[in-house]
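Thanks for making time this morning.

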Amino acid sequence: MDSGVNQSGTLNQGSNSASKTGNPRLRHTQFKIMEVLIKLHPEEDKVYQFMDKKRSEGKPCLVYATAGANKFLRIYYGKTHESLHALKADKETSE
């Protein structure tokens, strides 16, 4: 049954190098934010909790910092998206 196609969840992939595509200033800013989170230890912060979980799993610093930066961006995008929709709805109801 091995046709060379991996079934979902069966891919065993080795280590990949971090992608350096995109804006280098944005990447630098993301890692500075993660550095501050690591130093401040804000236990109630969702991103810090996520990074701490990855660190406790034995992931290298670059891996959990990258994962934390991605989580931060997903949360930021979600909140921004929600706010923009709320503003649009308020504008439509006031007209």
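Let me begin with packing: the buried residues of helix 3 pack against helix 1 and helix 2, where helices are DSSP runs of H or I with at least four residues, strands are runs of E with at least two, and both are numbered from the N terminus. In helix 3, the buried residues are Tyr64, Ala65, Ala67, Gly68 and Ala69, buried meaning under 20% relative accessible area, exposed over 50%, and partly exposed in between, with a 1.4 Å probe and protein chains only.

Some provenance: this is a predicted model, in which local features need pLDDT of at least 70 and side-chain atom pairs count only at pLDDT 80 or more, while totals for chains, interfaces and linings use all residues. Residues are numbered from 1 along each chain as its sequence is written, and side-chain values use heavy atoms, with hydrogens and water left out.

As for confidence, the protein chain averages a pLDDT of 85, and 80% of the residues score at least 70, pLDDT being the predictor's confidence in each residue, from 0 to 100.

Turning to helix 1, which covers residues 24-40, we find Gln30, a residue that is buried because its relative accessible area is 13%. Beyond its neighbours within four places in sequence, Gln30 is in contact with Ala69 and Leu73, contact meaning heavy atoms within 4.5 Å.

Finally, His41 sits in the loop between helix 1 and helix 2, and its phi is near 50°, a positive value in a residue other than glycine. With a relative accessible area of 42%, His41 is partly exposed.
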